[in-house]
Amino acid sequence: MDGEKKTYGGCEGPDALYVKLILSDGHEFIVKKERALTSGTIKAMLSGPGQFAEKEADEVHFREIPSHVPSKVYALCMCFMYKVRYTNSSTEIPEFPVVPEIALELLMAANFLDC
Amino acid sequence: EPLLLAELKPGRPHQFDWKSSCETWSVAFSPDGSWFAWSQGHCIVKLIPWPLEEQFIPKGFEAKSRSSKNETKGRGSPKEKTLDCGQIVWGLAFSPWPSPPSRKLWARHHPQVPDVSCLVLATGLNDGQIKIWEVQTGLLLLNLSGHQDVVRDLSFTPSGSLILVSASRDKTLRIWDLNKHGKQIQVLSGHLQWVYCCSISPDCSMLCSAAGEKSVFLWSMRSYTLIRKLEGHQSSVVSCDFSPDSALLVTASYDTNVIMWDPYTGERLRSLHHTQVDPAMDDSDVHISSLRSVCFSPEGLYLATVADDRLLRIWALELKTPIAFAPMTNGLCCTFFPHGGVIATGTRDGHVQFWTAPRVLSSLKHLCRKALRSFLTTYQVLALPIPKKMKEFLTYRTF
């Protein structure tokens, strides 16, 4: 730690707490690994045998998802947090609100991410 | 497996009275989940605040098995209301009580959301009358006359516009406007036998009714005209329900089947057969699996059915066989708690039971589908520029 830049726990190695999600136009999101794993696709990309280069550093490239629809990306991140919070929870689960205007694009992203 | 959480029985046992019967024909939760209504036979309806007070729930119910259910009779909470309807009560329906955000949403599509602040319960009676009660106080507000025979089922429009639909053994359905002192605004004729049930789609566009002559009718809630007839059942159709996004309709019949339909196209998507659990039993008793009631879970992924073979069944949307069973004798009706987690059932002896319902976290895909289908018809989905597999998913064809 050289004090110049705040660094997070790190996205490399098997004990990495965070993963980096890189969208098609280069925007990067650093998300807690536990949350990102709620997506079946990301889970497969991070742990599957060899085919995905992502296994080396915990980075996942999404060549199909651009960042120009911030609401969609935001909704995806919120969804990850929602799932981690309420999976196996005994408390009443409030419904995650999906705004109708972005529902179709969000569905495409959810389909791709299998979540 | 659904666990029995609690069972309520009517308080004082009544002398046999030829004018009344003890069946619980209907049970209902208010849409905001704060009240439970139970027609407990002998012309009485109990309004119970939800959640139930401590005294009704056995301690540590998670650990109890079905056989050691704790029963309690007698004294209810002081906030309970008892409605003496004077005749056998067949149908029950709460009005919606929209919370401020959804009122704005509905006002966009339905300009006549009234400025009403009270929650009401409609009760359908033996001689065709409908009594409207104010829930908070238990006071009788209105008496609607018109039907000539038992009012078997009632349904309010989910938008909160205080339009009430009633279904009767006089073979008609009637539309009432509670904003105009219960004025009867339409009579829907066409059924040939007793109308057993009615249900309005959550988007308020369609009304489903089903009757003794085996047919299911779909009516437009905008023009009050018949859209189509759904044929397929082999006996009286006694219960119907729409999915929360209005994309699916399920109907239950004495023919032992539940049929799932696409209400926009009239296509049959699926039949759920209620056969004997134990195959060693005599096949000739298959008629005792007559269905009594079917309902969707609030997130739209499960169905609960009550049948004459003494079983409450839970079905997952995409599977052909039930995922869970619970024994219940003389079951007549069922309904889910609006926020999920609990199913209420009513029986011939006037008892109600509360069961644990499967708790599931909807996938993001399903949440998106629900959001989209809440305003898109099947035809609009088919016209979208998306892959075929996605259309199949959105139209619930992926079984």
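Mentor: Let us begin with one pair: B:Asp177 forms a salt bridge with B:Lys180, and the closest N and O atoms are 3.7 Å apart. This is a predicted model, in which local features need pLDDT of at least 70 and side-chain atom pairs count only at pLDDT 80 or more, while totals for chains, interfaces and linings use all residues. Residues are numbered from 1 along each chain as its sequence is written, chains are lettered from A and ligands numbered from 1 in the order in which they are written, and side-chain values use heavy atoms, with hydrogens and water left out.

Trainee: Why is the pair of B:Asp177 and B:Lys180 called a salt bridge?

Mentor: The term asks for a side-chain nitrogen of Lys or Arg within 4 Å of a carboxyl oxygen of Asp or Glu. The closest N and O atoms of B:Asp177 and B:Lys180 are 3.7 Å apart, so the pair meets that rule. In general, side chains of opposite charge can pair when their charged atoms come close.

Trainee: What makes the salt bridge of B:Arg397 and B:Glu267 a tie between parts of the chain?

Mentor: The closest N and O atoms of B:Arg397 and B:Glu267 are 2.9 Å apart. B:Arg397 lies in the segment after helix 4 (388-394) of chain B, and B:Glu267 lies in the loop between strand 21 (257-261) and strand 22 (268-273), so the pair ties together parts that are 130 residues apart in sequence. Helices (H or I, at least four residues) and strands (E, at least two) are DSSP runs, numbered from the N terminus. B:Arg397 is partly exposed at 25%, as B:Glu267 is at 38%, and B:Asp262, B:Glu267 and B:Arg397 are linked in a network of salt bridges.

Trainee: Where do B:Lys388 and B:Glu392 lie, and why is B:Lys388 called exposed?

Mentor: Both lie in helix 4 of chain B, 4 residues apart, about one turn of the helix, and their side chains meet in a salt bridge of 3.6 Å, N to O. B:Lys388 has a relative accessibility of 63%, and therefore counts as exposed, while B:Glu392, at 28%, is partly exposed.

Trainee: How do you know that helix 2 of chain B is largely enclosed by the rest of the structure?

Mentor: Of the 10 residues of helix 2 (residues 364-373), 10 are buried, and therefore the helix is largely enclosed. Among them are B:Leu364, B:Cys368 and B:Arg373. For chain B as a whole, 60% of its 399 residues count as buried.

Trainee: What makes up the contact between chain A and chain B?

Mentor: Contact means heavy atoms within 4.5 Å, and here 23 residues from chain A and 22 residues from chain B take part. The two chains bury about 1,900 Å² between them, 75% of it on carbon and sulfur atoms, where buried area is the accessible area (1.4 Å probe) that two parts lose on being put together, summed over both. Between chain A and chain B the count is 0 salt bridges.

Terms used: Buried means under 20% relative accessible area, exposed over 50%, partly exposed in between (1.4 Å probe, protein chains only).
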